[in-house]
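Morning, everyone. Let me put the model up, and then we'll walk through helices, ligands and a few backbone details.

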Amino acid sequence: MTCPLCEATCGLEVTIDEKSLVTRVQGDREDVFSQGYICPKGASLGALHHDPDRLTAPLVKRDGEFVEVTWDEAFAEIDRRLRPIIDEHGKNAVAVYSGNPTVHNAALVLYGRVFFKALGTRNFYTATTVDQMPKHFSSGYLFGDPQAIPVADLDRTEHLLILGANPLVSNGSLMTAPDTRGRLRGIQKRGGKIVVLDPRRTRTAQLADEHHAIRPGTDALFLFALVNVLFAESRVTPGEHVTGVDEVRVLSEPFTPEAVAPATGIDAAEIRRIALELANAGRAAVYGRMGTTTQSFGTVASWLVDVVNTLTGNLDREGGVMFPLPALWRPRRSSPFTSGRWTSRVRGYPEVLGELPVATLADEIETPGEGQVRALVTISGNPALSTPNSARLTEALRQLDFMVSLDVYLNETTRHADVILPGPSPLERPHYDVALYALAVRNVANWTPQALGTEMPQEWVTLLRLAGIAAGQGPDVDVAAFDTMVAGETARRTGVDLALAEGRMGPERMIDLMLRGGPYGLSLADLEAAPHGIDLGALKPRLPEALATASGKVELAPDAITKDVPRLRAELGKTPDGGLLLIGRRHLSSNNSWMHNLTPLVRGGNRCTVQVHPDDASRLGLTDGGLAAVTSRAGKLEAPVEVTADVRPGVVSMPHGWGHDLDGTRTKVAAAHAGVNSNLVADETLLDVPSGNAVLNGIPVEVAPA
Ligand SMILES: Nc1nc2c(c(=O)[nH]1)N[C@H]1C(S)=C(S)[C@@H](COP(=O)(O)OP(=O)(O)OC[C@H]3O[C@@H](n4cnc5c(=O)[nH]c(N)nc54)[C@H](O)[C@@H]3O)O[C@H]1N2
Ligand SMILES: Nc1nc2c(c(=O)[nH]1)N[C@H]1C(S)=C(S)[C@@H](COP(=O)(O)OP(=O)(O)OC[C@H]3O[C@@H](n4cnc5c(=O)[nH]c(N)nc54)[C@H](O)[C@@H]3O)O[C@H]1N2
Ligand code: SF4
Ligand SMILES: [Mo]
C-alpha cells in the first residue's frame with residue numbers, strides 16, 4: 001500500500017493476521033518509487049488503526065456531553081441545525097476549514113469539492129494559508145497555473161540550494177521524493193553539492209556540504225542578491241519561453257550582496273560565491289519550503305526561487321526544476337490565474353484559490369453583521385492547534401451556533417463540534433495519491449486497494465450526504481445516484497465513456513476515469529495488476545505546454561508579485577533590532593498535531609522545548625531544562641528550555657502541534673505527552689501580504705525565565 005501520512009508516498013508492506021490484527025508494517029522493497037524506505041510514522045500505521053481513542057461512530061453533543069449516535073441520526077441533526085442557519089443568514093454564514101490530511105485522502109480530495117460547491121460559501125479556509133499559499137500564488141502568476149509548481153529534479157541535479165526546508169525530517173514537501181536522505185546523498189556521490197540556508201542547523205544542514213544560518217524572514221533579500229549577481233556577472237540564460245527578464249534586472253538593482261548582507265547575516269562575498277557556484281553548476285536547482293513560505297515575504301521569496309531557477313537556465317531542464325506529468329487527467333485552465341476576486345469581510349484580505357486566510361477566521365466569527373460566520377465545518381483539520389493565535393480562535397469556536405467536524409479524533413478542535421463524523425483508517429479505505437504525484441520527482445502511479453472492511457461509511461459517502469444537506473435536499477440523498485451524476489460529469493470532462501468504469505463507484509470510478517483520460521492512458525485495472533506501482537519514468541521537459549499564462553510564456557515579472565518589492569526594499573535600510581525571532585521545527589515522529597496519541601511516536605523525552613542559543617541563554621538568564629516564558633503580541637506560553645548552538649543567536653525554535661492537555665478531548669496518550677501549543681504566540685495579524693499566508697517563522701518574541 002501507499003502510505004498516506006506525508007508527501008513522500010512510500011510503499012508499505014502491511015501484514016494483517018486472520019483476526020484483522022496488524023502484526024507488522026515494513027517498507028515495500030519492490031515499490032517502484034520508495035524501494036523499501038519507511039519512517040517511524042509509516043511504521044505506526046498499525047498503532048493508528050488499533051488506537052482505542054480513534055473514533056468509529058458519529059458523536060453528537062447533547063447537554064455538553066458527546067453521545068454515540070447512528071449515522072442517520074447524525075445527518076438528521078446536521079440537517080436540523082445547519083439548514084436554518086443557511087436559510088436565515090445565507091451560505092457565507094457557514095465556514096469550512098479543511099486541513100492537511102485532506103490532501104492525503106482521495107475521498108476527501110475528490111468529493112470535498114462536491115460538498116464545497118453545494119455549500120457555495122466564500123468563507124472557505126484550508127491549511128494552505130498556514131503553509132504553501134505563496135508558492136501557489138507565485139506559480140499562478142509566473143506560469144498561469146497555481147498548481148504548476150516546478151520540483152527539483154533530485155535524482156539528476158548536480159547542485160541543490162535548499163532554503164527553509166528540512167527534508168531529512170519532513171520527508172520532503174512540494175517535492176514528493178521517498179528517501180530524501182538517499183537522494184540527497186546521491187547528489188553528493190555524483191560529485192554534486194548541497195547548500196542549505198536555515199537559521200537552525202537541522203539534520204539536512206548537517207548532511208549538506210555547506211550551511212548558512214540566515215536570519216529568519218530575509219530569504220527574499222538573499223535571493224534578490226543572487227539575481228543581482230547573476231546579472232552583474234552576465235550569467236543570465238533564461239531561454240526562449242520567458243518574458244520580463246529586463247524588469248527583473250531593474251528590480252534587482254538595489255539588492256546587491258553588500259546591501260543585503262547586514263539583514264541576512266550572510267557575508268557579501270559568500271553570497272557572490274553561492275550565486276556563481278549555482279550558475280557554474282550546469283544542472284542546478286533552488287528549492288524553498290516552509291521557511292520561505294510561512295514568513296512575511298513568502299510570495300516574493302517563493303517567486304525569487306523560481307526566478308533564480310529560470311535565470312540560470314534550470315527551469316524545465318533535466319537536473320534543474322521540472323514540471324511533473326502525473327497519470328491522472330487534469331483540467332486545462334481556461335484562463336490564467338488571478339487572485340483577489342473577492343475580499344474577506346472584516347480585514348479585506350484578498351481571496352486566493354477561492355480561499356481566505358485562516359488567520360482571519362476568528363475575525364469572521366467574532367465580528368457581527370451581514371455575512372458573519374455562525375457555523376463551521378472542519379474536515380481533517382485541527383485549527384485550534386495549527387493556526388496562529390489559537391487562544392483567540394478557540395474562544396471564537398465557542399461562539400459558533402453550530403459546528404460539524406469530519407475527524408477521527410475527539411481533539412482540541414473537534415471538542416467544540418456539535419457533531420463529529422469519523423472516517424475509516426488508512427487500512428479501511430482505498431488510496432491513490434491524487435494530489436502529490438503532481439509534485440513527484442519521478443512520474444509514478446500506484447493504487448492501494450482497501451485492506452480491511454469497516455462498518456463506517458467511506459468519507460466520500462459522508463461528503464455526498466453533506467452536499468445533499470447543503471443543497472437543501474435533506475439528509476437522505478440517494479448516494480449511488482448522486483455519485484453516478486458526479487462521475488458522469490467527470491466522464492464528460494475527461495472525454496472518457498462512463499460505461500468503461502462500470503462496476504466501480506466512489507473514488508475508484510473517478511480515478512479509473514481520470515487515469516483513462518490522463519496522459520498515459522492507464523486504467524485502474526492496470527494499476528490493480530501492479531501492486532508495487534508503475535514507474536512512468538524520469539521527468540521530461542514540459543514547456544511551453546505546461547504554461548497557462550496569457551502570453552504563453554513564463555511571465556517573470558508579474559505585477560501582482562512585483563508590487564510587493566517596495567515593501568522588501570524598505571527592509572534594506574533596517575538594521576536588526578536585536579529582538580528574538582521564533583521559528584518552528586519538525587520531528588521525524590510527529591505529523592503536525594495529530595499523531596501524538598500513538599505510543600511509538602511519543603516515546604523518549606519531551607520534544608516540545610524552546611531551543612535557545614547559549615549566548616542568548618546566558619544573556620537572558622535561561623538554563624537548560626529550566627522553564628521559559630515566551631511572549632509575543634498575540635499571547636504567552638511557558639515551555640522548557642533547551643540550550644543548543646544549533647539555533648542561530650537571536651533565534652529561538654519551538655515545534656508546533658503540541659498542547660494536548662485541554663479539557664474535553666479523548667486522546668489519552670497525547671494528553672500524557674501534552675507539550676505546549678506554539679501557536680499561542682503566533683501572531684494572527686502577521687501575514688505574507690500578497691497571498692495571505694500566516695507568518696509562522698520569524699515571529700518577534702520575548703523570552704525570559706518563567
Ligand atoms: N507554528 C506552526 N504552525 C503550523 C505549522 C508550523 O510549521 N508552525 N505548520 C503548518 C502546516 S504546514 C500545516 S499543513 C498545518 C496542519 O494543520 P491542520 O491540518 O489543521 O492540522 P493537523 O495537525 O494536520 O490535523 C489533522 C486533523 O485531521 C484528523 N485526521 C487525520 N486523519 C484523518 C482522516 O483520515 N479523516 C479525517 N476526516 N480526519 C483525519 C486528525 O485527527 C486532526 O484533527 O499546520 C500548520 N501550522
Ligand atoms: N516528521 C514530520 N514530517 C512532516 C510534517 C511533520 O509535522 N513532521 N509535516 C508535513 C507538512 S504538513 C509539511 S508542510 C512539511 C514541511 O516540510 P519542511 O518545510 O521541509 O519542514 P520544516 O521542518 O518546517 O522546515 C522548515 C525549515 O525552515 C527553517 N526556517 C525557519 N525560518 C526560516 C527563514 O526565515 N528562512 C529560512 N531559509 N529557513 C527558515 C526552519 O528552521 C526549518 O528547518 O513537512 C511534512 N512532513
Ligand atoms: S516518509 Fe511519509 S510516506 Fe514514507 S513512511 Fe513516513 S510518513 Fe509514510
Ligand atoms: Mo503542511
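Contact, throughout this talk, means heavy atoms within 4.5 Å. Helices (H or I, at least four residues) and strands (E, at least two) are DSSP runs, numbered from the N terminus. Some ground rules. This is a predicted model, where local features need pLDDT of at least 70, side-chain atom pairs count only at pLDDT 80 or more, and totals for chains, interfaces and linings use all residues. Residues are numbered from 1 along each chain as its sequence is written, chains are lettered from A and ligands numbered from 1 in the order in which they are written, and side-chain values use heavy atoms, with hydrogens and water left out.

Helix packing, then. Start with α9 and α13. In α9, Val-245, Val-248 and Leu-251 make the contact; in α13, their partners are Trp-303, Val-307 and Leu-311. By class, that contact has six nonpolar, no polar and no charged residues. On classes: Ala, Val, Leu, Ile, Met, Phe, Trp, Tyr, Cys and Pro count as nonpolar, Asp, Glu, Lys and Arg as charged, and the others, Gly among them, as polar.

Now the geometry. Axes are lines fitted to C-alpha atoms, for helices over the stretch in contact, and angles run from 0 to 180 degrees between N-to-C directions. Helix α9 covers residues 245-252, helix α13 covers residues 298-311, and they pack at about 120 degrees with axes 12 Å apart. That makes α9 oblique to α13. The α9 and α13 crossing is left-handed. Left-handed means the near helix is turned anticlockwise from the far one by less than a right angle; right-handed means clockwise.

Helix α13 has another partner. That is α4, residues 133-143; the axes of α4 and α13 come within 8 Å and cross at roughly 50 degrees. So α4 and α13 are oblique to each other. Here α4 passes α13 in a right-handed crossing. From α4, the contact uses Pro-134, Lys-135, Phe-137, Ser-138, Leu-142 and Phe-143; from α13, it uses Gly-298, Thr-299, Ser-302, Trp-303, Val-305 and Asp-306. Trp-303 is listed against α9 and against α4.

Last pair: α10, residues 257-264, and α11, residues 268-280. Their axes come within 8 Å and cross at roughly 115 degrees. These two are therefore roughly perpendicular to each other. α10 passes α11 in a right-handed crossing. Pro-257, Glu-258, Val-260, Ala-261 and Thr-264 of α10 face Ala-268, Ile-271 and Arg-272 of α11 in contact. That contact has five nonpolar, one polar and two charged residues.

On to the ligands. A residue is near a molecule if one of its heavy atoms lies within 4 Å of it. A polar contact is a pair of N or O atoms within 3.5 Å; within protein, one must be able to donate a hydrogen and the other to accept it, and residues adjacent in sequence count only if both atoms are side-chain atoms.

Which residues are closest to ligand 1? Tyr-97, Asn-100, Asp-407, Glu-459 and Ser-593, out of 29 that surround ligand 1. An oxygen of ligand 1 is 2.5 Å from a side-chain N or O atom of Ser-593. A ligand 1 nitrogen is 2.7 Å from a polar backbone atom of Ser-386.

Ligand 2 has 31 surrounding residues, the closest being Asp-198, Gly-217, Asp-219, His-587 and Ser-590. A backbone N or O atom of Met-290 lies 3.1 Å from a ligand 2 oxygen. A ligand 2 nitrogen is 3.2 Å from a side-chain N or O atom of Lys-41. At Leu-588, a polar backbone atom is 3.4 Å from a ligand 2 nitrogen.

Around ligand 3 we find, among others, Cys-3, Cys-6, Cys-10 and Cys-39. Lys-41 is also in that shell. The shell divides into seven nonpolar, three polar and one charged.

Finally, loops. Trp-594 sits between β22 (580-583) and α23 (599-602). Leaving out residues up to four places away in sequence, Trp-594 touches Leu-5, Leu-48, Pro-101 and Tyr-409. Leu-5 also belongs to the ligand 3 shell. The peptide bond from Leu-543 to Pro-544 is cis, with omega near 0 degrees. Pro-544 is in the loop between β20 (534-538) and β21 (554-555). Asp-179 is not a glycine, yet has a positive phi of about 60 degrees. Asp-179 lies in the loop between α5 (167-170) and α6 (180-189).

Technical notes:
Parallel < 35°, antiparallel > 145°, perpendicular 65-115°, else oblique.
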